[in-house]
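Subject: Handover of a protein structure

Dear colleague,

Please find below the structure I am handing over to you. A written account of what was found in it comes after the display.

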Amino acid sequence: FSTDLGPAVTSSDIVFIAVGTPSRDDGQADLSQVIQVTEELVKHVDRYKVIAIKSTVPVGTVELVRGILAREKLEGEDFDIVANPEFLREGKGLFDFFYPDRIVIGACSPRAQAVLRDLYEPIVQGRVSWQDEGQSMTRPTPVPVVETDPASAQMIKYASNAFLATRISFINEVASLCERVGADITEVVRGMGYDPRIGDSYLQPGLGFGGPCLEKDLRALIRIGEDGDSQPPLFTAVLERNE
């Protein structure tokens, strides 16, 4: 552990940007921390390094980071950028890190892609373990690795969170209808959950979604659509239902 960026970067082959991207008042992701850390990072890139963006950032951020680094460094020789979104649940971060559902690597550079693939190989093959209450957790099959372009990698994260948010608003809407007709929402969810196309995850009715991720990412996705002159009515309805 270190709070000294310089020595940490110079001794590393891969640098992960994993800073906060809170929601601004207009719904856009605040990229100020990403920009700040990149401007500091460029001072210490002394040889080829892979810069992996873990933070949830909108499409176009890779170009933003690339532009800052390219002021003094040469892409492909001094650095390459990879979009490598995280999918960690609150309270389950360690478990989800060692036993992920999938690993997403978005890169234009085959060299950078190979570096990340090599880094994650022990996790993909289940050769690392984490003890939970004295019991070792294992995965029966290799972890799927999605190798794609940076824009698609970033959209995978946004789309995943938007879908989870949609499920929550959906089941809360169904719960309201159940109250009107005298149906038991618990039984409805149980009956739906047996359908393998649906499952029962994120179908628990309640106050709605909160926390730092789902609402923030949904608002950012809505803003991405609005900035591209494409109104996303479904996502807007999901947010309105949650509120």
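Predicted model: local features only at pLDDT ≥ 70, side-chain atom pairs only at ≥ 80, totals over all residues.

Overall description

The protein contains nine helices and seven strands. Along the principal axes, its C-alpha atoms fill a box of roughly 65 × 50 × 30 Å. Of its 243 residues, 37% count as buried. As for contacts between residues at least 6 apart in sequence, 71% of them join residues at least 24 apart.

Five strands make up an open sheet with mixed pairing, in the order 1-2-3-4-7. Strand 1 (14-17) and strand 7 (145-148) are the edge strands; each has a single partner strand, so one side of each has no neighbour in the sheet. On average, and with direction ignored, neighbouring strands of this sheet are turned by 25° against each other.

The pairings may be taken in sheet order. Strand 1 pairs with strand 2 in the parallel sense, over four bridges. Within the chain, Phe 16 stands opposite Ala 52 of strand 2. Strand 2 (residues 49-53) and strand 3 (residues 79-83) also run parallel, and five bridges join them. Here Val 50 is placed opposite Asp 80 of strand 3. Helix 3 (residues 61-69) packs on the sheet, where it touches both strand 2 and strand 3, and its direction makes about 165° with that of strand 3.

Between strand 3 and strand 4 the sense is antiparallel, with two bridges joining them. Ala 83 stands opposite Gly 106 of strand 4. Strand 4 and strand 7 pair in the parallel sense, over four bridges. One of the residues concerned is Ile 105, whose bridge partner in strand 7 is Glu 147.

How many of the five residues of strand 2 are buried? Five of the five are, so strand 2 is largely enclosed by the rest of the structure. In a regular strand, side chains alternate between the two faces of the sheet. In strand 2, Lys 49, Ile 51 and Ile 53 point one way, while Val 50 and Ala 52 point the other way, and all are buried.

Strand 4 (residues 103-107) is likewise mostly covered, with five of its five residues buried. Ile 103, Ile 105 and Ala 107 point one way from strand 4, Val 104 and Gly 106 point the other way, and all are buried.

Individual residues

Thr 10 belongs to helix 1 (residues 5-10). With a relative accessible area of 31%, Thr 10 is partly exposed, because that value falls between the limits of 20% for buried and 50% for exposed. Leaving aside neighbours within four places in sequence, Thr 10 is in contact with His 44, Asp 46, Arg 47 and Lys 49. Lys 49 is also among the buried residues of strand 2. The C-alpha atoms of Thr 10 and Ile 171 are separated by 49 Å, the two residues being 161 apart along the chain.

Pro 122 is located in helix 5 (residues 110-124). Its relative accessible area is 24%, and Pro 122 is therefore partly exposed. Not counting residues up to four places away in sequence, Pro 122 touches Arg 127 and Val 128. Phe 98 is 24 residues from Pro 122 along the chain, and their C-alpha atoms are separated by 9.4 Å.

Where does Tyr 202 lie? Tyr 202 is in the loop between helix 7 (185-193) and helix 8 (214-227). The phi angle of Tyr 202 is near 60°, which is a positive value in a residue other than glycine. Tyr 202 is partly exposed, with a relative accessible area of 31%.

With kind regards

Key. Residues numbered from 1 in each chain as written. Heavy atoms only, no water. Buried < 20%, exposed > 50% of the residue type's maximum accessible area, 1.4 Å probe, protein only. Contact = heavy atoms within 4.5 Å. Pairing = 2+ DSSP bridges. Axes fitted to C-alpha atoms, helices over the stretch in contact; angles between N-to-C directions.
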